[in-house]
Amino acid sequence: TAIIEGPKNAFALLHSDAAFNCTVSLPWKIIIWIIDDNPILTIVKEGPVITNPQFEHKNYTTSSTFTSELIISPVTTHSNMSVTCSIQTDGNRQAFLFVQVDGQLSFAKEIPSVEQNRVFAIVCKAEGWNPAPAILWKKNNTNMDSKMYSTTVHQSSDNLYNTFSTLNLSLSVSAEIMCLANIKALPQPRTTALFITVKPTADRNESWLIIAIVVPIAVAILLIILIIVIVICLKRRKRYETRYQNELRRRLPKTPHEMSTDG
């Protein structure tokens, strides 16, 4: 009996399942699965001897081979571990299980709209990952040049990693911006997307021209109003003074000369 194909290295997410295969030639007597030097599953002709419900077993047989499949359901430790298939008569074959953690993925803040052709920054946060994920950016489902963004990684006290990626760009039309985070244990990258609407930017020269036209007109209108108000006030004052003088003459006693003239 010989091991034809031993287990292969595997990457698995924490709290997910991991599987390893070991194919041996016929006839065989015993297969032992060992994790970190601790036997956890024994398979004999009568069937598997399972002592821990975390470990499951399946088998596949051909005319000349027997394949034992060890299933760890689920992976509950953060630590990487060695997985060994042993048949005693032909030594053993060893592989490694690399346990990874996928955390949260989000934008630091929402950016619903921007001005046309103005440079702005978007920050994507991947928090609580192990290992730190690779970050990619897409615009309208097309990969963006890595020179357009920068990424920093910080390790937290619980041996997880927080990754921050900052994308600097300008848009001439509205677009969907996507941030992707990937580690080997993921079947496909985690994504978060943001649709950004572009608002037209007024031409500064045109704005100054409008201001240059509107301001003098407004000043002229104000001056005209002020002049009209002054003229009205002066006319009212003159009318009041004339009325006052006439009333004063009427009330004063007449002189002898005025009386003889009247006679």
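Guide: What follows begins with the core and then turns to the loops and the charged pairs. The model is predicted.

The largest nonpolar core has 29 residues. Those with the most contacts inside this core are Phe20, Val24, Ile31, Trp33, Ile72, Val83 and Leu97. Two or more residues each come from strands S2 (10–13), S3 (18–25), S4 (30–35), S5 (38–44), S8 (65–72), S9 (81–88) and S10. A second, separate core comprises 27 residues, among them Cys124, Cys179, Ala181 and Leu186. As a general matter, nonpolar side chains in soluble globular proteins tend to be buried together.

The backbone has particular features in several loops. The loop between S8 and S9 holds Pro74, and the peptide bond leading from Ser73 to Pro74 is cis, with omega near -5 degrees. A cis bond also joins Asn130 to Pro131, with omega near 0 degrees; Pro131 is placed in the loop between strand S13 (120–129) and strand S14 (134–139). Positive phi values in residues other than glycine occur at Asn117, near 60 degrees, and at Asn159, about 65 degrees. Asn117 belongs to the loop between strand S12 (113–115) and S13, whereas Asn159 belongs to the loop between strand S16 (149–155) and strand S17 (161–169). Asn159 is partly exposed, at 48% relative accessible area.

The model has 4 salt bridges. One of them joins Arg190 to Asp102, with the closest N and O atoms 3.2 Å apart. Arg190 lies in strand S19 (residues 190–199) and Asp102 in the loop between strand S10 (91–100) and strand S11 (104–107), so this pair ties together parts that are 88 residues apart in sequence. Arg190 is partly exposed at 27% relative accessibility, and Asp102 is partly exposed at 28%. Another salt bridge links Lys125 with Glu127, the closest N and O atoms being 3.9 Å apart. Lys125 is partly exposed at 21%, as is Glu127 at 30%. Glu5 and Lys8 also form a salt bridge, with a closest N to O separation of 3.9 Å. Here Glu5 is partly exposed at 42% relative accessibility, while Lys8 is exposed, with a relative accessible area of 54%.

Notes. Residues are numbered from 1 along each chain as its sequence is written. This is a predicted model: local features need pLDDT of at least 70, side-chain atom pairs count only at pLDDT 80 or more; totals for chains, interfaces and linings use all residues. Side-chain values use heavy atoms; hydrogens and water are left out. A salt bridge is a side-chain nitrogen of Lys or Arg within 4 Å of a carboxyl oxygen of Asp or Glu. Buried means under 20% relative accessible area, exposed over 50%, partly exposed in between (1.4 Å probe, protein chains only). Helices (H or I, at least four residues) and strands (E, at least two) are DSSP runs, numbered from the N terminus. A nonpolar core is a set of buried Ala, Val, Leu, Ile, Met, Phe, Trp, Tyr and Cys residues joined through side-chain atoms within 4.5 Å.
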